[in-house]
Amino acid sequence: MEKMAKKYFWRFAPFIFVMFWSGGYTFAKLGLAYIEPMTLLAVRYGIAVSLLLPFILWFSKPWPASVRHWVVLIITGFLLQCMYFGLSYLAFKKGMNAGTAAVIMSLQPILVAALGPTFIGSRVGRHLWVGLIIGFIGVALVIASGNSLRPSPWAAVFLALSALAGITVATLFEKWHGIKTDPMIGGFVQYIVGFVFLMPVAIATETMVIVWHPELIISLAYLVIANSIISVGIYMALLQRGDATSISSLLYLVPPLAMFIAWAILGEAVTKLALTGFALSAAGVYIVIKRPS
């Protein structure tokens, strides 16, 4: 029974990851009306640490036994929680719109595929490149359908590209070091790292004013539980089990699904061009994940 449960979990885990990760954009947008970006991330990480701590103590998960393992967790936490999330939020603060940011971030699967042979020894076949290109075209159509590709300040573009570098390096680094970590322990350490680095940034650059509106509470609940604990944990677990390019290709589904979630919660429009882009993104991911016979 337990073996079958694990089998079904890993079968559906990619879809759970994509759904929860995609909703993060909408709920972050919902919450940022009442709190500044770095303050939001610091509060988010602080709550995540507080929620995970009793579970870790109760279930007595195995902690890293070597200095190298601890260093690996700290580096991954910094790359993902500080560079990716932190710099993405700063890019929005500097004036970047969501459409441009989504196009920049959707380059991640292609970067992982291109850099994989050099850094982790993975080889990308022709069918993978076809899937990656089709998926990227689908993402571009989704973003173009919303007419959101407006010019952004160079400072915001630099921050977004740095965030892209953060999640790309984190993905390659996770496959390169080959150390398996319990997702709960890994997430717990990551959020401590994020809190330690970003709380001083929030104190130094923001007012730290928080308006405890119900929408902010809903936003934080989603970002902490669904986005931070569940989706990030699944992403790291999938990377430990599978191919980095295939796992990264799932991020192509994030902008289309984020648009549908924004339509359902915020009432933002979904066009026929967006539906076409979603279909292409799904086809691209299918081609990448499917193994050639």
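These are my notebook entries on a predicted model of a helical protein.

**Entry 1: ground rules**

I number residues from 1 along each chain as its sequence is written. Because the model is predicted, I take local features only at pLDDT of at least 70 and side-chain atom pairs only at pLDDT 80 or more, while totals for chains, interfaces and linings use all residues, and side-chain values use heavy atoms, with hydrogens and water left out.

**Entry 2: the whole chain**

I looked up the helices and strands first, which are DSSP runs numbered from the N terminus (helices are H or I with at least four residues, strands are E with at least two). The protein has 12 helices and 0 strands, and its pattern along the sequence reads α-α-α-α-α-α-α-α-α-α-α-α.

Next I checked burial, where buried means under 20% relative accessible area, exposed means over 50%, and partly exposed is in between (1.4 Å probe, protein chains only). Of the 293 residues, 51% count as buried.

I then turned to contacts, meaning heavy atoms within 4.5 Å. Among contacts between residues at least 6 apart in sequence, 90% join residues at least 24 apart.

**Entry 3: aromatic pairs**

How many aromatic pairs does the rule give? My rule is that rings of Phe, Tyr and Trp (its six-membered ring) pair if their centres lie within 6.5 Å; planes under 30 degrees apart are stacked, over 60 edge-to-face, and the rest tilted. The count comes to 13 aromatic pairs.

I picked Phe-20 and Tyr-222 to look at: their ring centres are 6.5 Å apart and their planes stand at 85°, so I call the pair edge-to-face. Phe-20 is in helix H1 (residues 2-31) and Tyr-222 is in helix H9 (residues 214-241), so this pair ties together parts that are 202 residues apart in sequence. Phe-20 is partly exposed at a relative accessible area of 28%, whereas Tyr-222 is buried at 16%.

Then I looked at Trp-63 and Phe-188, with ring centres 6.0 Å apart and planes at 80°, so this pair is edge-to-face. Trp-63 sits in the loop between helix H2 (37-59) and helix H3 (67-93), and Phe-188 sits in helix H8 (residues 183-205), so the pair ties together parts that are 125 residues apart in sequence. Trp-63 is partly exposed, at 38% relative accessibility, but Phe-188 is buried, at 7%.

I also found a cluster: ring pairs link Phe-17, Trp-21, Tyr-84, Phe-85 and Tyr-235. Arg-44 lies over the face of Phe-85, 4.7 Å from the ring centre. For a charge to sit over a ring, NZ of Lys or CZ of Arg must be within 6 Å of the ring centre and within 35 degrees of the ring normal.

**Entry 4: Ala-13**

Ala-13 is in helix H1. Is Ala-13 buried or exposed? It is buried, with a relative accessible area of 0%. Leaving aside neighbours within four places in sequence, Ala-13 is in contact with Ile-234 and Leu-238. The C-alpha atoms of Ala-13 and Ile-234 are 6.8 Å apart, although 221 residues separate them along the chain.

**Entry 5: helix H8**

Where does H8 bend? It bends by about 30° at Leu-198, and Pro-200 follows within four residues. The bend is the angle between axes fitted to the seven residues ending at a residue and the seven starting there.

At the N-terminal end, Asp-182 caps H8, with a side-chain oxygen 2.9 Å from the backbone nitrogen of Met-184. The buried residues of H8 include Ile-185, Phe-188, Tyr-191 and Ala-202, and their cover includes H2, H3 and H9.

**Entry 6: Thr-39 and Met-208**

Thr-39 is in helix H2 and is buried, with a relative accessible area of 2%. Beyond neighbours within four places in sequence, Thr-39 is in contact with Ala-202, Glu-206, Met-208 and Ile-210.

Met-208 lies in the loop between H8 and H9 and is partly exposed at 31% relative accessibility. Most residues other than glycine have a negative phi. Met-208 has a positive phi of about 65° although it is not a glycine.

How values were computed. A polar contact is a pair of N or O atoms within 3.5 Å; within protein, one must be able to donate a hydrogen and the other to accept it, and residues adjacent in sequence count only if both atoms are side-chain atoms.
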